[in-house]
Amino acid sequence: MQNRTAVFGGILIVLLTFVAILAPYISLHDPLEQDLGNRLLSPSFEYPFGTDNLGRCVFSRIVLGTRYSLGIGIMVVAISSFIGTTLGIISGYSRGIIDETIMRFVDIVLAFPSIILALVIAGVLGPSLSNVVIALALTHWPAYTRLVRGLAFSLREKEFVEAAKALRASDIYIMRRHIFPNCINPIIVLATLDIANAIIFATALSFLGLGIQPPTPEWGSMLKAGIPFMRTSPQLTIFPGIAIMTIVIAFNFLGDGLRDMLDPKGNELMLVNE
């Protein structure tokens with residue numbers, strides 16, 4: 001059953017990726033074009049999801065918004081996983097003062113709720129796409145560090161690492177060729193699940209006015225713009241909400257399936273919560 005949900009999630013992600021890539025061709029209208037004569041229209045053949053308070057096609061805006069949500073999720077996870085994995089390997093393999101220094105810094109970051117810390121960073125840097133990515137990446141990397149540190153801590157005692165040391169291999173070589181490859185599977189699982197979290201956080205920042213700014217069609221800002229019209233035009237919040245729910249469910253399904261396939265006992269991923 002778990003494999004079926006993983007396949008379902010994977011299919012959804014593939015479809016959403018194609019939507020993001022082909023957005024200009026799928027969109028029925030210009031997502032930024034205003035037509036006040038057609039404002040707040042109900043769903044129809046011409047406007048499948050209706051129009052917003054400025055007469056813009058909601059369907060076209062959601063289609064283009066797929067690019068921003070997927071792009072932010074992938075960029076945040078790419079940056080945070082690189083930082084966290086690098087520090088985790090160094091910390092777990094080196095031990096001593098280096099390990100203590102890195103892990104105390106991790107504890108400091110984890111002492112603050114991620115969304116609060118992201119709000120503070122985004123507020124200081126200002127609302128923009130790049131600043132959203134920076135704010136989220138700076139709050140997501142500790143999870144990778146704790147996960148990989150625990151794995152590296154146990155792997156450094158394995159026979160193949162001892163053999164590499166006996167052959168006078170450098171620490172960098174051992175970390176790159178022996179430690180990191182054995183950490184890839186749990187990292188992939190965590191990254192897949194983390195993309196969903198990054199998308200939710202990015203949506204929340206935009207909803208609060210600290211993310212991507214209008215008129216850029218981002219799902220969080222679309223939700224915020226539709227709140228005043230929930231009684232008369234509920235489609236302005238329903239369809240962006242469905243889009244967010246769909247992409248988050250897809251990555252969660254895929255991540256859960258990958259966890260069962262790549263790590264049946266779930267031992268490695270438990271290290272992140274120790």
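**Exercise 1. Describe how helix α3 and helix α11 pack.**

Solution. Start with the axes, which are lines fitted to C-alpha atoms, for helices over the stretch in contact. The axes of α3 (residues 58-94) and α11 (residues 235-262) come within 11 Å. They cross at roughly 35 degrees, on a scale that runs from 0 to 180 degrees between N-to-C directions. Helices are DSSP runs of H or I with at least four residues, strands are runs of E with at least two, and both are numbered from the N terminus.

Next, the handedness. The crossing of α3 and α11 is right-handed: the near helix is turned clockwise from the far one by less than a right angle.

Now list the contacts (heavy atoms within 4.5 Å). From α3 come Val-58, Ile-62, Ser-69 and Leu-70. They meet Leu-236, Phe-239, Pro-240, Ala-243, Ile-247 and Phe-251 of α11. Of these residues, 9 are nonpolar, 1 is polar and none is charged. Here Ala, Val, Leu, Ile, Met, Phe, Trp, Tyr, Cys and Pro count as nonpolar, Asp, Glu, Lys and Arg as charged, and the others, Gly among them, as polar.

A note on the model: it is predicted, local features need pLDDT of at least 70, side-chain atom pairs need pLDDT 80 or more, and totals for chains, interfaces and linings use all residues. Residues are numbered from 1 along each chain as its sequence is written, and side-chain values use heavy atoms, without hydrogens or water.

**Exercise 2. Find the cis peptide bond.**

Solution. The bond joins Pro-214 and Pro-215, with omega about 10 degrees. Pro-215 lies in the loop between α9 (184-207) and α10 (219-226).

**Exercise 3. Summarise the whole chain.**

Solution. Count the elements: 12 helices and 0 strands. Then take the extent. The C-alpha atoms fill a box of roughly 75 × 45 × 30 Å along the principal axes.
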